[in-house]
Amino acid sequence: MAVCSTTTLSIGGSVFSGQLRHWEPNESKLFQKPRSRFRWLCLNDLHLLRFRTKTLNFNPRGSLLPSLYAYGKEADDAFLSKVNEDTDEMFDDLMKKHGEVVFRKNERKSPSAELDDDTESLSFAVEMAKVASDVKAADIRVLFVKPLVYWTRFFIIATAFSRPQIDAIGSRIRDLAEKKYGKVPSGDAKPNSWTLLDFGDVVVHIFLPQQRAFYNLEEFYGNATLIELPSETQPPFHT
Amino acid sequence: VIGASNRRYAHIGDVIVAVIKEAVPNTPLERSEVIRAVIVRTRKELKRDNGMIIRYDDNVAVIIDQEGNPKGTRIFGTIARELRQLNFTKIVSLAPEVL
């Protein structure tokens with residue numbers, strides 16, 4: 001992937017610049033096969049470094065500790081070989097052998113705490129979806145997007161058939177959120193053909209049918225897992 | 001720059017009024033059409049309170065309509081997180097990467 005763009009990140013004063021250029025493979029044993037993406041195993045905490053395809057730094061001497069790990073070091077040597085799928089595994093092995101965690105953010109919550117937050121947001125999201133279905137919004141979907149985006153946890157997508165209905169859904173959701181959870185959404189104030197309510201962990205999108213077809217958010221987030229909703233259109237079970 | 005009287009420079013997150021100089025054929029946009037756009041990437045650095053500075057390689061804006069909905073369906077490239085605070089979560093939700 002020869003993307004000739006440079007993104008420069010400067011953290012705390014020291015500047016890293018990663019540049020992707022075409023690089024002819026040299027005779028070094030370690031770089032026999034050209035490689036594709038390189039997964040940052042050590043520093044997955046930092047969201048910055050997820051952009052593995054854009055900024056990559058390698059010490060050309062052969063030691064595979066990416067210099068990006070050591071903060072404060074100027075990482076000026078950067079090159080990228082022609083990409084190929086084969087070397088992912090090779091680099092994984094080398095990382096296991098030589099890689100070490102140099103820096104870890106301390107704010108990382110423990111997995112159990114994160115799960116609690118997730119369930120809280122999930123219950124919030126399901127409640128919002130219920131409110132939307134009360135107002136007769138169509139095609140409500142709750143998507144769990146946490147593995148895809150880091151800035152939110154859940155998406156709720158709903159279709160409303162008229163602007164007053166959008167307004168109604170929006171105001172009901174706002175009221176419920178404020179009363180029960182104390183969350184105030186940032187989002188559109190006036191009803192828009194695409195109304196968005198941003199509750200931090202949960203983002204609610206309300207579309208008109210044409211907009212939904214036009215923007216097609218479900219396709220964009222096709223990898224997100226859909227959450228089952230207790231649908232009220234199902235006939236109640238009589239035992 | 002919308003919302004700021006006669007400001008000289010706009011930054012990331014500002015809505016600007018612009019005119020189209022060049023248009024790719026077969027799009028619903030035509031040359032010399034006056035449009036509104038939100039700036040999403042600039043070559044001038046963007047500073048954050050925690051000391052992070054972000055500078056992109058290009059200047060990019062996303063065309064929006066009067067209501068603030070993006071005119072296109074997809075967005076290419078990275079978007080800065082600041083747009084979310086400025087109520088452009090729509091653009092952020094269409095972005096492939098948020099920095």
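Student: Where do I start with B:Arg84 and A:Asp198?

Tutor: Start with the charged ends of their side chains: B:Arg84 forms a salt bridge with A:Asp198, and the closest N and O atoms are 2.7 Å apart. The general idea is that a salt bridge is a side-chain nitrogen of Lys or Arg within 4 Å of a carboxyl oxygen of Asp or Glu. Before we go on, keep in mind that this is a predicted model, where local features need pLDDT of at least 70, side-chain atom pairs count only at pLDDT 80 or more, and totals for chains, interfaces and linings use all residues. Residues are numbered from 1 along each chain as its sequence is written, chains are lettered from A and ligands numbered from 1 in the order in which they are written, and side-chain values use heavy atoms, with hydrogens and water left out.

Student: How many salt bridges does the rule find across the interface of chain A and chain B?

Tutor: The rule finds 3 of them across that interface. Over all chains, the count comes to 15 salt bridges.

Student: What does B:Glu67 pair with?

Tutor: B:Glu67 forms a salt bridge with A:Arg163, with the closest N and O atoms 3.1 Å apart. B:Glu67 lies in the loop between S5 and strand S6 (78-79) of chain B, and A:Arg163 is in helix H3 (residues 163-181) of chain A, so the pair joins two chains. Those labels come from DSSP runs, numbered from the N terminus: helices are H or I with at least four residues, strands are E with at least two.

Student: How do I read the size of the contact between the chains?

Tutor: Count residues, then look at area. Contact means heavy atoms within 4.5 Å, and here it takes 33 residues from chain A and 27 residues from chain B. Buried area is the accessible area (1.4 Å probe) that two parts lose on being put together, summed over both. Between chain A and chain B that is about 2,700 Å², and carbon and sulfur atoms give 50% of it.

Student: How many residue pairs are in polar contact between chain A and chain B?

Tutor: A polar contact is a pair of N or O atoms within 3.5 Å; within protein, one must be able to donate a hydrogen and the other to accept it, and residues adjacent in sequence count only if both atoms are side-chain atoms. Between these chains there are 10 such residue pairs, both at pLDDT 80 or more. On the side of chain A that touches chain B, several elements each supply at least two residues, including strand S1 (7-11), strand S6 (194-199) and helix H4 (209-215). S1(A) gives the most, with 4 residues.

Student: Which residues touch the most other members of the largest nonpolar core?

Tutor: First, a nonpolar core is a set of buried Ala, Val, Leu, Ile, Met, Phe, Trp, Tyr and Cys residues joined through side-chain atoms within 4.5 Å. In the largest one, of 38 residues, A:Trp151, A:Tyr221, B:Ile79, B:Leu83 and B:Ile91 touch the most other members. Its largest share, 4 residues, comes from S2(B). Leaving aside neighbours within four places in sequence, A:Trp151 is in contact with residues including A:Tyr221, B:Arg84 and B:Val92.

Student: Where is A:Phe154 found?

Tutor: A:Phe154 is found in strand S4 of chain A, and it is buried, with a relative accessible area of 2%. The C-alpha atoms of A:Phe154 and A:Val202 are separated by 4.7 Å, though these residues are 48 residues apart along the chain. Not counting residues up to four places away in sequence, A:Phe154 touches A:Leu122, A:Val142 and A:Ile227, among others.

Student: And chain A as a whole?

Tutor: Chain A has 5 helices and 8 strands, and 42% of its 239 residues count as buried.

Methods
Buried means under 20% relative accessible area, exposed over 50%, partly exposed in between (1.4 Å probe, protein chains only).
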